[in-house]
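Please read it beside the model shown here.

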Amino acid sequence: MRLLPDTNVYIRNLAGTLPAPVAALLDNALLWHCSVCLAEITAGIAHYNPAARDWRRVKQQYATIFAAIPDSRIVTPDDESWQLAGLIAGTLARTQRFQPHQRTDCLNDALIYLSAAKLGLPVVTANRDEFDLIRQVAPGGAFLHF
């Protein structure tokens, strides 16, 4: 099985809070990785306080994960995905009355969803509500919620 993990999957996996069945599924799947997820993670690390006791450990854990990802399995949104993701995020922000930060989160999730859909990959995510809204507007993709 081929899967694309959402950003929350990486975070929960390193935190040890990923449900065992999901961890087993990921261990037995061929994983693809979205550049949007990798950017969200690096933004989080850059925002994390370098004076924190665990900053070096966290930074190293993610560096190890990133180093193990083959370039051939990194999915990057194309121009069409960016345009459609903007349309989805703007439409949902208006119809769902999203706050500004929710619109940005929705844009990123739409980019992840659309990029995965172009390759026929389901997104594994803990974020069912937003991915369900995105799928209602752009029904061509799939996601697995846990």
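One aromatic pair turns up in a search of the whole structure. Rings of Phe, Tyr and Trp (its six-membered ring) pair if their centres lie within 6.5 Å; planes under 30 degrees apart count as stacked, over 60 as edge-to-face and the rest as tilted. The ring centres of Phe131 and Phe143 are 5.9 Å apart and the planes stand at 45 degrees, so this pair is tilted. Phe131 belongs to helix α7 (residues 128-137) and Phe143 to strand β6, so the pair ties together parts twelve residues apart in sequence. Helices (H or I, at least four residues) and strands (E, at least two) are DSSP runs, numbered from the N terminus. Phe131 is buried at 0% relative accessibility. Phe143 is buried too, at 11%. Here buried means under 20% relative accessible area, exposed over 50%, and partly exposed in between (1.4 Å probe, protein chains only).

The model is predicted: local features need pLDDT of at least 70, side-chain atom pairs count only at pLDDT 80 or more, and totals for chains, interfaces and linings use all residues. Residues are numbered from 1 along each chain as its sequence is written, and side-chain values use heavy atoms, with hydrogens and water left out.

**The sheet**

Four strands make an open sheet, in the order β2-β1-β5-β6, with parallel pairing. The edges are β2 (30-31) and β6 (143-145); each has a single partner strand, so one side of each is left without a neighbour in the sheet. Two strands pair if DSSP finds at least two bridges between them. Strands of a sheet pair through backbone hydrogen bonds, either parallel or antiparallel.

Take the pairs in turn. Strand β1 (residues 2-5) is joined to β2 by two bridges, and the two run parallel. In this pair Arg2 faces Leu30 of β2. Two bridges also join β1 to β5, again parallel. There Pro5 stands opposite Val124. Strand β5 (residues 123-125) pairs with β6 in the parallel sense over three bridges. Val124 has Leu144 of β6 opposite it.

Helix α1 spans residues 7-15, and its buried residues are Thr7, Asn8, Val9 and Tyr10. Most residues other than glycine have a negative phi, and most peptide bonds are trans. Arg97 is a residue other than glycine with a positive phi, near 55 degrees. Arg97 sits in the loop between α5 (79-96) and α6 (100-118). With a relative accessible area of 72%, Arg97 is exposed.

**Cysteines**

How many disulfides does the structure hold? It holds zero. A disulfide is counted as a pair of cysteine sulfur atoms within 2.5 Å. Cys37 is in none; the nearest cysteine sulfur, in Cys34, is 5.0 Å away. Cys37 is buried, at 0% relative accessible area. For Cys106, the closest cysteine sulfur is that of Cys37, at 14 Å, too far for a bond. Cys106 is likewise buried, at 0% relative accessibility.

**Salt bridges**

The structure holds five salt bridges. A salt bridge is a side-chain nitrogen of Lys or Arg within 4 Å of a carboxyl oxygen of Asp or Glu. Side chains of opposite charge can pair when their charged atoms come close. The table lists some of the bridges.

| Pair | N to O distance |
|---|---|
| Asp54 and Arg57 | 3.4 Å |
| Lys118 and Glu80 | 2.6 Å |
| Arg128 and Asp129 | 3.5 Å |

Lys118 is partly exposed at 44% relative accessibility, whereas Glu80 is exposed at 53%. Asp78, Glu80 and Lys118 are linked in a network of salt bridges.

Now the other two pairs in the table. Asp54 is partly exposed at 25% relative accessibility, and Arg57 is partly exposed at 46%. Arg128 is partly exposed, with 44% relative accessible area. Asp129 is exposed at 53%.

**Ser81**

Ser81 is placed in helix α5. Which residues does Ser81 touch, not counting residues up to four places away in sequence? They are Leu111, Leu114, Ser115 and Lys118. Contact means heavy atoms within 4.5 Å. Ser81 is buried, at 3% relative accessibility.
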